[in-house]
Amino acid sequence: MNKRILSILLCLMLVVSLLVMAVPVNAAPADATVTLTADKTVAKPGDEITFTVTLGPVEAIGCLEFVIDVPAGLAVGTITSNANAAQEIGLLKADLNDADGTPKFTSMADDKDGSTSTDVVLGTFTAVVKDDATGEQKVDVDSESIVSENYDGDPVGFNFVPATVTVAGSETTAPT
């Protein structure tokens, strides 16, 4: 009789373990990526560089706002929004605009989360290399300015990929 009870218990444990493995796990949405790219990686003083701001796939976004940190060696010029970005993401507004001379991205949902399964260009901006610029000029997102959440107010994770431009002639060479 003990063998019969043990067999039943083992079979029951096997069935329960199979059920546990068959239940799908609701994984948290993957972090989206905002990428800054420059049309050139090496420039000299006076050169104009065009930076593109791209949002990678995102599952549910209700609000995203960030300021782009432009280094002192670059002077911001023209800032242009992609007029179709909001429509591509499914938001009420998606705008790359001027925040006190610094590019700032703002998006907003109307009554539901926006999403995209492809990369969406949010906009572009130009910058001119200043005469006194030296070394690497890293254009990144000001981490203290990031606001990202879905329509319900839950945080949405983002990764930010900066763009770096090296000012020609400013590299230091090692002594031979």
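**View 1. An open sheet of five strands.** In this predicted model, five strands line up as S6-S10-S3-S1-S13. The sheet is open, and its pairing is mixed. Strands here are DSSP runs of E with at least two residues, numbered from the N terminus. Two strands pair if DSSP finds at least two bridges between them. Strand S6 (74-81) and strand S13 (158-161) stand at the edges. Each has a single partner strand, so one side of each is left without a neighbour in the sheet. From one strand to the next, the twist averages 20°. That angle is taken between N-to-C directions, on a scale from 0 to 180 degrees, with axes fitted as lines to C-alpha atoms.

View 2. Strand S1 covers residues 32-38, and strand S3 covers residues 48-55. The two pair in the antiparallel sense over five bridges. Leu 36 has Val 53 as its bridge partner in S3. Ala 38 stands opposite Phe 51, also in S3. Toward S13, the sense is parallel, with four bridges joining S1 to that strand. There, Val 34 stands opposite Phe 160.

**View 3. Strand S5 and its two faces.** Strand S5 runs over residues 63-69. Its covered face holds Leu 64, Phe 66 and Ile 68. Its uncovered face holds Cys 63, Glu 65, Val 67 and Asp 69.

**View 4. The partners of S5.** Which strand does S5 meet over five bridges? It is strand S8 (residues 102-108), and the two run antiparallel. Glu 65 stands opposite Thr 106 in S8. Three bridges connect S5 with S12, again antiparallel. Cys 63 stands opposite Glu 149 in S12. Strand S11 (residues 136-141) pairs with S5 over two bridges, in the antiparallel sense. Ile 68, from the covered face of S5, has Val 141 as its bridge partner in S11.

**View 5. Ser 148 in strand S12.** Ser 148 lies in strand S12 (residues 147-149). Is Ser 148 buried or exposed? Its relative accessibility is 17%, so Ser 148 counts as buried. Buried means under 20% relative accessible area, exposed means over 50%, and partly exposed lies in between, using a 1.4 Å probe and protein chains only. The side chain of Ser 148 reaches the backbone oxygen of Val 156 at 2.6 Å. Leaving aside neighbours within four places in sequence, Ser 148 is in contact (heavy atoms within 4.5 Å) with Cys 63, Leu 64, Asp 154, Pro 155, Val 156 and Phe 158. Cys 63 and Leu 64 belong to S5.

**View 6. The whole chain.** The chain has two helices and 14 strands. Helices are DSSP runs of H or I with at least four residues. Of the 176 residues, 32% are buried. Among contacts between residues at least 6 apart in sequence, 76% join residues at least 24 apart. The chain exposes about 10600 Å², by the Shrake-Rupley method with a 1.4 Å probe. Carbon and sulfur atoms supply 55% of that area.

**Notes.** Residues are numbered from 1 along each chain as its sequence is written, and side-chain values use heavy atoms, without hydrogens and water. Local features need pLDDT of at least 70 and side-chain atom pairs count only at pLDDT 80 or more, while totals for chains, interfaces and linings use all residues.

How values were computed
Polar contact = N/O pair within 3.5 Å; in protein donor to acceptor, adjacent residues only side chain to side chain.
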